[in-house]
Amino acid sequence: MNLFDVYSLFDVTPVRAKGCTVWDDKGQEYLDLYGGHAVISVGHSHPYYVQALKDQLDKIGFYSNSVRNPLQEELARRLGEVSGYGCYSLFLDNSGAESNENAVKLASFQTNRDRVIAFRRSFHGRTSGAVALTDNPAIISPFNKYHKVTFCDLNDGNAVADELAKGGVAAVIIEGIQGCGGIHVPNAGFLQMLSRLCDRYGAALILDEVQSGYGRTGKFFAHQWAGIRPDIITLGKGIANGFPCGGILIAPKFQARKGMLGTTFGGNYLACAGAIAVLDIIEQEHLVENALEVGEYIKANLPACPRIKEVRGKGLMLGIEFNEPVAPLRQALLYDKHIFTGVAGKNMIRLLAPLCLTKAEADRFLEAFNEVLAQ
Ligand SMILES: Cc1ncc(COP(=O)(O)O)c(C=O)c1O
């Protein structure tokens, strides 16, 4: 059987990794400023995280959501403490897309409405509802088209107000910082206006923190820079450092009903053990603070180069936008300098390093980046 050929692959086969370093099958070492697409939060194969998963697997790997699982309660308690959302509830699932599906479903149940407002350049995942909320027609099939979604421009509060006034809106969904759409940061004033508007019209404000959350921007959630408290916050990626896991944080005003949401694998023992270990490491190693410090260090030390149009983002969620396609630059970084980076669109290098990136590693990137720009 062949693999269904949907991914464009680099000619690299990683076999081992530690911290922000990855080794391939030929023993070549790489510096990882991509974190497996923002998934590696506390660093590859962190010994504390590895031990937590091994220990858990020795005890019990899986049962279903029909029995008590104290690890889910421990994770909810720890996540509440670390994030500042102790009075919210946690529902655990398996991925970012599933978290967004659950968030929108919950908002729709609560309001008995079916319209959702999303934003241009958004990315919320690939499942039916999540992809309908994503501003990319190329990945929306005819089957996905029937959801009632209206796209507004980011930072255009009046457009959102007009749409909400038309009625029937269950939720407004927005990324803490738009990732795949090109590192666009919503204005604090705009987020505050969304929060007020959602309250006024009885719609749920959903913050998609799948990519921007878990400390990446220097606050636990990116929206905390704006001082707002959304109704639902969606999680994925860094939550368990690569063990598949997602979840939603739900404001106290939402009433749970048996059977309202559900999943087979969500909240399983291994995912919870991984996720608890991640929170322990984030706290013990001050990784939220580190993400801000090292991210801002990179930003401040990027070369002043006329080929660079703009640098956007916060902490370790950075986009370097060029006036030209970046594919050759990214290839040179990977194959000549052995540094993994990401992209957003054709003209942007996107950096999503593990939160434990050191200044010395940042310097290695900056030096290589300068050299590649000079080629
Ligand atoms: C902001 C955002 N939301 C949702 C998703 C979807 O997450 P997943 O691929 O885990 O379904 C992504 C993935 O890149 C994302 O960046």
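**Strands, helices and the ligand**

Biologist: Which residue in β6 is the bridge partner of arginine 115?
Modeller: Lysine 148 is the β6 partner of arginine 115. Keep in mind that this is a predicted model.

Biologist: Ok, and how many bridges join β5 to β6, and do they run parallel or antiparallel?
Modeller: Five bridges, and the two strands run parallel. Strand β5 covers residues 115-119.

Biologist: What's the strand order in the whole sheet?
Modeller: It goes β4-β10-β9-β8-β7-β5-β6, seven strands in an open sheet with mixed pairing. The edges are β4 (89-93) and β6 (148-152), each of which pairs on one side only. On average, neighbouring strands are turned by 20° against each other, ignoring direction.

Biologist: Switching to helices: at what angle do α6 and α7 pack?
Modeller: About 10°, with the axes 10 Å apart. That is under 35 degrees, so α6 and α7 count as roughly parallel to each other.

Biologist: Which residues meet there?
Modeller: From α6 you have Gly157, Val160, Ala161 and Leu164, and they meet Phe190, Met193, Leu194, Leu197 and Tyr201 of α7. By type, that contact has eight nonpolar residues, one polar and no charged.

Biologist: Now the ligand. Which residues come nearest?
Modeller: Ser95, Gly96, Ala97, Gly125 and Val210, out of 14 residues around the ligand.

Biologist: Which element gives the largest share of that shell?
Modeller: Helix α4 (residues 96-111), with three residues.

Biologist: And how does the shell divide by residue type?
Modeller: Four nonpolar, eight polar and two charged.

Technical notes. Residues numbered from 1 in each chain as written. Predicted model: local features only at pLDDT ≥ 70, side-chain atom pairs only at ≥ 80, totals over all residues. Near = placed C-beta within 6 Å. Helix = DSSP H or I, 4+ residues; strand = E, 2+ residues; numbered from the N terminus. Nonpolar A, V, L, I, M, F, W, Y, C, P; charged D, E, K, R; others polar. Axes fitted to C-alpha atoms, helices over the stretch in contact; angles between N-to-C directions. Parallel < 35°, antiparallel > 145°, perpendicular 65-115°, else oblique. Contact = placed C-beta atoms within 7 Å. Pairing = 2+ DSSP bridges.
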